[in-house]
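Q: I am new to this structure. Can you show me how to read it, feature by feature?

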Amino acid sequence: MPSGTAPLENTDPPTPDETQLLVQLRAGDPVAFEKLVRTYGSRLLAVAHRFLHNEDEARDVLQDALLSAFKALDRFEGNARLSTWLHRIVVNTSLMRLRSRRRSLEEPIDELLPKFLEDGHQALPAESWRDSSEMMLEREQTCSLVRRCIERLPDSYRTVLLLRDIEELDTEEAARLLGVTPNAVKVRLHRARQALRSLLDPHLRRQPAGRMGTAP
Amino acid sequence: MTEKPYITCRELIEFLLDYLTGELAEERSVEFERHLAVCPSCVAYIRSYEETIRLGRMAFISPDAPAGESEEVPEDLVKAILAARGK
C-alpha cells in the first residue's frame, strides 16, 4: 500500500456529502470522479505547489495523486474525512516527487541559527518585533515576505516546516512520510523555525530597535 | 544555601520546542521561567519564534496566496485527469 493511502488515525469521520460521493465512486460512476476532482482539486493543487514551487510538477502530482486515490478507494476504510485522506496522498506524492529531483548540494542552515557566546548567552540579543496588529495592516506584504523567506529554506527543513506548521501533520506522521525518526522531525522543525525567524527578523523588528541585555 | 545557577540562553533556545509543547519536566520548566524572568532577550526570542509559526500559517491561508485555494481547478487539468483515468 502506498504510504500516502495508509489508514488515518484520530481524524473526523467523512461528512454525509463525502459518504455519498464515496458510494458513487465505488459504484464506478464517472460523474462522481469528476466531482471529486472539481471539489478537492484546487486545494490539493495548492498543497502540491507549496512543496514543489513548480506549476507543471504540481499539476503532475495532483493527477498522479487523484489516480492513486481512485485506485485505492477500496482500501479507504471510511474512518477519516475523504478530504484528509486525499490531502495525505497529495503530500506523500509531493514528497516522492521532491525525492526524485536531482539532488543538489544543500545550502547549510547553520548561518541562520542563533549564535552564542562561550558562556551560553546570545551573541546578538534578540529584539522585539512589531505588534501583530501592525503586521495585519500590511497583511498582504507580510504574507508575501513570509512565503519568500520559507522558499529560501533548504529543502529538507522547508519540507518539515510545511508538513508540521502548514499542513498540520503530527510529528509521528511527518516522520513516517519522510522515513526519519520523530526526534529527527522535531530537531529539523526547530531549526527550520529558527532559520525562518532569522530571515524574517530584519524585516519585522520594531523600529527603532532598542538594545536589550541577556540573562546574568 | 547557594542559589542554583541560571540556565543559559543556549540551553533555553535549544530546548525551546519542548518547552512550548509542554514536554519539559516540571523542574526544567521552572528553570526556564526563572531564566525568562531576568532575560528580556530570550523573552523577545520566544515571542518572535511563536510569531514566526503564526505568520507561516497566515501566509498560506491568505486570500492572495499563490495557487489560491478558492480558485477552481484549471479546466485543462480537470480534462487531463479525467482522460488519464480513462486510460
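A: Let us start with one residue and its surroundings. Leaving aside neighbours within four places in sequence, Leu161(A) is in contact with Ile150(A), Leu153(A), Leu189(A), Ala192(A), Arg193(A), Leu196(A) and Gly56(B). Keep in mind that this is a predicted model.

Q: Which nonpolar core residues touch the most other members?

A: The largest nonpolar core has 52 residues, and Leu44(A), Ala48(A), Leu62(A), Val90(A) and Leu161(A) touch the most other members. H2(A) supplies the largest share of this core, 10 residues. Domain 1 (3–100) and domain 2 (110–204) of chain A each give this core at least three residues. There is also a second, separate core of 10 residues, with Ala126(A), Phe32(B), Cys39(B) and Tyr45(B) among them.

Q: Leu161(A) belongs to H7(A). How many residues of that helix are buried?

A: Burial is a count of neighbours: a residue is buried if 20 or more other C-beta atoms lie within 10 Å of its own. By that count, nine of the 12 residues of H7(A) are buried, and the helix is mostly covered. The buried residues are Tyr157(A), Arg158(A), Thr159(A), Val160(A), Leu161(A), Leu162(A), Leu163(A), Arg164(A) and Asp165(A).

Q: What covers the buried residues of H7(A)?

A: Ask which elements touch them. From chain A, the cover includes H2, H4, helix H6 (139–152), H8 and helix H9 (182–204).

Q: What comes just after H7(A)?

A: Check the backbone angles, then the loop. Glu168(A) takes a positive phi of about 60°. Asp170(A) lies in the loop between helix H7 (155–166) and helix H8 (171–178) of chain A.

Q: Is Asp170(A) buried, exposed or partly exposed?

A: Count its neighbours again. Asp170(A) has 14 other C-beta atoms within 10 Å. A buried residue needs 20 or more, and an exposed one has 12 or fewer. Asp170(A) is therefore partly exposed. For a sense of distance, take Asp201(A), 31 residues apart from Asp170(A) along the chain: the two C-alpha atoms are separated by 27 Å.

Q: Now step back. What is the secondary structure of chain A?

A: Count the elements, then read their order. Chain A comes to nine helices and zero strands. Along the sequence the pattern is α-α-α-α-α-α-α-α-α. Of its 216 residues, 37% count as buried. Now take contacts in chain A between residues at least 6 apart in sequence: 75% of them join residues at least 24 apart.

Q: Which domains does the assignment give for chain A?

A: Start with the bounds, then look at where the parts touch. The assignment gives domain 1 (3–100) and domain 2 (110–204). Their centres, taken over C-alpha atoms, are separated by 28 Å. Nine residues of domain 1 are in contact with 10 residues of domain 2. On the domain 1 side, helix H2 (30–52) and helix H4 (82–100) of chain A are the elements that give two or more residues. H4(A) gives the most, with four residues. By class, that side has five nonpolar, three polar and one charged residues.

Q: How many residues of chain B are in contact with chain A?

A: Count both sides. Here 45 residues of chain B are in contact with 53 residues of chain A. On the chain B side, the elements giving two or more residues are helix H1 (9–14), helix H2 (16–20), helix H4 (40–61) and helix H5 (75–86). H4(B) gives the most, with 17 residues. The chain B side divides into 27 nonpolar, eight polar and 10 charged residues.

Q: Which residues of helix H3 of chain B are buried?

A: Sort the helix by side. In helix H3 (residues 26–36) of chain B, Glu31(B), Phe32(B) and His35(B) are buried. They cover an arc of only 100° around the axis, so they sit on the same side of H3(B). On the other side, Glu26(B), Glu27(B), Val30(B) and Glu33(B) are exposed. The cover over the buried residues includes H1, H2 and H4 of chain B.

Q: What does the model score?

A: Read the overall scores, then the chain. The model scores ipTM 0.86 and pTM 0.84. Chain B has a mean pLDDT of 87, and 86% of its residues reach 70 or more. Among the elements of chain B, H1(B) has the highest mean pLDDT (96) and H5(B) the lowest (91).

Definitions and conventions:
Residues numbered from 1 in each chain as written. Chains lettered and ligands numbered in written order. Predicted model: local features only at pLDDT ≥ 70, side-chain atom pairs only at ≥ 80, totals over all residues. Contact = placed C-beta atoms within 7 Å. Nonpolar A, V, L, I, M, F, W, Y, C, P; charged D, E, K, R; others polar. Arc of directions from axis to C-beta. pLDDT = per-residue confidence, 0-100. Domains from an automatic or database assignment. Core = buried A, V, L, I, M, F, W, Y, C linked by C-beta atoms within 7 Å.
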